[in-house]
Amino acid sequence: MTSKPIDTSRPHPARMYDYYLGGKDSYPVDEEAAERVISFLPAIRTAARTNRSFMNRAARLLAERGVTQFLDIGTGIPTEPNLHQVVQAVNPRARVVYVDNDPIVLRHAEALLRSTPEGATKYIEADVREPEKIVESAKEILDFEEPVALSLVALLHFVSDEYRPYELVNNLMAPLCSGSFLMLSHVTGDFDPAGWAKAVDIYRKSGVPAQVRSRDEVAQFFTGLDLIEPGVQVVTNWHPEPDQEFADEQVPLYVGVAQKP
């Protein structure tokens with residue numbers, strides 16, 4: 001796999017997210033931008049941690065329901081357990097395709113490719129705004145005649161309306177057969193509009209087309225799909241673990257999982 005050089009002259013959302021999680025795969029420019037966001041939006045650390053927990057819960061739930069194929073777009077820097085580790089613990093034959101456009105993720109892709117002998121993983125360097133490229137490459141590992149779980153976790157708030165995010169999701173779901181799933185998480189400004197307006201400004205000045213959305217706007221991504229109970233919810237209200245760490249916090253993150261009829 002080859003990749004474009006890593007740009008350390010301006011922040012990147014994958015590296016900032018890794019910093020929020022307490023990771024080490026960031027540069028001073030990322031850490032400075034992340035600390036600016038944290039200074040007026042401390043809930044972003046909690047949002048990052050609860051988002052990872054949601055990904056694990058949602059992926060495990062779908063694997064337990066018999067889904068054996070996963071297409072994870074906007075993978076980010078590997079943080080254990082990675083999605084394939086979660087689903088292959090349920091079914092070692094599960095196959096996972098990871099997609100990201102950040103060269104630092106490519107550099108860590110080896111960690112994403114440590115599949116069980118029975119299963120398979122693949123890494124694609126591509127942007128969510130290239131759905132045709134993603135689908136064609138994913139077909140090398142995934143059988144689109146069988147259900148696939150499309151994972152768009154903490155991704156679409158980096159796709160502003162000018163890039164037609166609802167159309168992108170439709171284009172990614174269209175080739176998937178009946179019985180496939182969409183699992184999605186998205187930050188919201190519903191609880192702190194001023195703080196998130198400042199955060200969006202920092203991302204946009206870094207060249208990232210960030211945009212937060214309301215609960216109704218997040219719910220629109222599931223149009224035409226059958227939502228799994230309890231529907232689109234704040235992350236801490238979606239199938240919470242009994243010992244959930246942030247049960248009493250109003251985390252600014254909406255999540256949901258839905259099935260294609």
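**Salt bridges and a buried glutamine**

Let's start with a pair of charged residues: Glu140 and Lys122 join their side chains in a salt bridge, 2.9 Å from N to O. This pair links distant parts of the chain, with Glu140 in the loop between helix H7 (131–138) and strand S4 (149–153) and Lys122 in strand S3 (residues 120–125), 18 residues apart. Keep in mind that you're looking at a predicted model.

How many salt bridges does a search of the whole structure find? The count is nine. Another one is between Arg213 and Asp161, whose side chains meet at 2.9 Å, N to O. Arg213 lies in the loop between H9 and H10, and Asp161 in the loop between S4 and helix H8 (165–173), so this pair ties together parts that are 52 residues apart in sequence.

The side chain of Gln211 reaches the backbone nitrogen of Asp161 at 2.9 Å. You'll find Gln211 in the loop between helix H9 (193–205) and helix H10 (215–219), and Gln211 is buried at 15% relative accessibility. Leaving aside residues up to four places away in sequence, Gln211 touches His157, Ser160, Asp161, His186 and Arg204.

Finally, go back towards the start of the chain. Asp7 and Arg10 form a salt bridge, with their closest N and O atoms 3.8 Å apart. Asp7 is partly exposed at 36%, and Arg10 is partly exposed at 44%.

Methods. Residues are numbered from 1 along each chain as its sequence is written. This is a predicted model: local features need pLDDT of at least 70, side-chain atom pairs count only at pLDDT 80 or more; totals for chains, interfaces and linings use all residues. Side-chain values use heavy atoms; hydrogens and water are left out. Helices (H or I, at least four residues) and strands (E, at least two) are DSSP runs, numbered from the N terminus. Buried means under 20% relative accessible area, exposed over 50%, partly exposed in between (1.4 Å probe, protein chains only). A polar contact is a pair of N or O atoms within 3.5 Å; within protein, one must be able to donate a hydrogen and the other to accept it, and residues adjacent in sequence count only if both atoms are side-chain atoms. Contact means heavy atoms within 4.5 Å. A salt bridge is a side-chain nitrogen of Lys or Arg within 4 Å of a carboxyl oxygen of Asp or Glu.
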